[in-house]
Amino acid sequence: MDNLTFRYSVLLVEGLQITHQSSQLTFIFLLTAYVFTMVSNIGILIQISAEKSLHQPMHILFCHLPVSDVIGATVLIPRLLKDLLTDPSERYITYVECVFQAFFVHLYGTTSHTILMIMAFDRYVAICNPLRYPTIMTNKMMVKLSTGAWAAAILPVGILIGLSVRLSHCRSIIPNHFCDNASLFKLSCENTVINNVYGLTFTVVLLISSLGWVLMTYLRIAMVCLKSKNNATNSKAIKTCSTHLTVYVILLISGFVPIFLHRFSEYAENRKFGSVMFHVIPPGLNPIIYGLQVKEIRKRMLKLCRNKVNSS
């Protein structure tokens, strides 16, 4: 076969290098976290869809976050659970599955930022232009924001993965516990300068855009709050923004930990666990933070709990 077009159809995933006892504890933790993540995120989506009082721009835009979190958890955790129960020498994955996993891993990481960016815009308009909020945040605007958030992730991630898929292979082992873009292009012995440059540029642009946009909106919000003498309005603004900001900070910390540990080879296994937590912590905490902080959702959850208690 022509080496220029050769690709392995089946790959071996290195996986987590942990003891048998630790793998059992890790399996229980990840399974519990996954079930909780799915139930809580899908539960909030159902609540917002079923309750007409929650059909507001803020909550409708928030619905994209549980969808992204479900994708982030599902693309990694079930496969990792399977590998924990499989002998390290038999942790095989097809190349097609590996490509799909890499695509959705990066899609989750990107949409986590783009969705929080459009949510920041919503809070900015609500606080800085409250009188114009209904005329700005129309259904048409929400469609534009939602489409933009997903398109700004799907297109560059598609190019990112496409650049790696074009390469031939000289290796068949994924030196990681899941497939990502780096795992794909490291299978090749060809020149991967384009992959590295595009990947680095994409990451830098995403982070700068995300941080810049969120900082700018919160600075504007802070200025409005400082100028305003209405304590009730300021209190509501702080409460609303603190929820969004908490979610954003958790996302940044969860994302930067594995990147930081990547610089130290002696912490290779810690980096692997750190990258797993990026798919566990934000998807698990986001519904809790929004469910407890947003009054309308909290009331709906309490109402459901009371109905279940009364029915039992």
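**Before you go on**

This is a predicted model: local features need pLDDT of at least 70, side-chain atom pairs count only at pLDDT 80 or more, and totals for chains, interfaces and linings use all residues. Residues are numbered from 1 along each chain as its sequence is written, and side-chain values use heavy atoms, with hydrogens and water left out.

**Stop 1: the whole chain**

Colour by secondary structure. The chain has 13 helices and 3 strands. Of its 312 residues, 46% are buried. Buried means under 20% relative accessible area; exposed is over 50%, and partly exposed lies in between (1.4 Å probe, protein chains only). Now think about contacts, meaning heavy atoms within 4.5 Å. Among contacts between residues at least 6 apart in sequence, 80% join residues at least 24 apart.

**Stop 2: the sheet**

Select strand 1, residues 10-13. In which order do the 3 strands of the sheet lie? The order is 2-1-3, in an open sheet with mixed pairing. Strand 2 (92-94) and strand 3 (173-174) are the edge strands, each pairing on one side only. Two strands pair if DSSP finds at least two bridges between them.

Show strand 2 next. Strand 1 pairs with strand 2 in the antiparallel sense, over 3 bridges. Valine 10 stands opposite threonine 94 there. Then show strand 3. Strand 1 and strand 3 run parallel, joined by 2 bridges. Here valine 13 faces isoleucine 174.

**Stop 3: asparagine 176**

Move on to the loop between strand 3 and helix 8, where asparagine 176 lies. Is asparagine 176 buried or exposed? Asparagine 176 counts as buried, because its relative accessibility is 5%. Its contacts, leaving aside neighbours within four places in sequence, are Val13, Glu14, Gly15, Ser183, Arg271 and Lys272. Asparagine 176 and alanine 268 are 92 residues apart in sequence, and 9.7 Å apart in space from C-alpha to C-alpha.

**Stop 4: the largest pocket**

Select His106, Asp180, Ala182, Thr203 and Ile259. These lie nearest the centre of the largest pocket, which has 34 lining residues. The pocket holds about 1200 Å³ of space.

How is a pocket found? On a 1 Å grid over the protein atoms alone, a pocket is an open set of points with protein on both sides within 12 Å along at least five of seven lines; a cavity is a set where a 1.4 Å probe fits but cannot get out; lining residues have an atom within 4 Å of a point. Points are joined across faces, edges and corners, and a volume is the space filled by probe spheres set on them.

Which helix supplies the largest share of the pocket lining? Helix 9 does, with 8 residues. Helix 5 (95-128), helix 8 (181-185), helix 9 (193-227), helix 10 (231-261) and helix 11 (268-278) each give at least two. By class, the lining has 16 nonpolar, 15 polar and 3 charged residues. Ala, Val, Leu, Ile, Met, Phe, Trp, Tyr, Cys and Pro count as nonpolar, Asp, Glu, Lys and Arg as charged, and the others, Gly among them, as polar.

**Stop 5: the cavity**

There is 1 cavity of 30 Å³ or more. Select its lining: Leu65, Asp69, Tyr108, Ser112, Leu116, Val247, Leu251, Pro282 and Asn286. Helix 5 gives the most, with 3 residues. By class, 6 are nonpolar, 2 polar and 1 charged.

Threonine 111 counts as buried because its relative accessibility is 1%. Ser68, Trp150 and Ala153 touch threonine 111, not counting residues up to four places away in sequence.

**Stop 6: helix 12**

Finish on helix 12 (281-293), one of the helices that supply at least two residues to the cavity lining. Its buried residues include Pro282, Asn286 and Tyr290.

Note on methods: Helix = DSSP H or I, 4+ residues; strand = E, 2+ residues; numbered from the N terminus.
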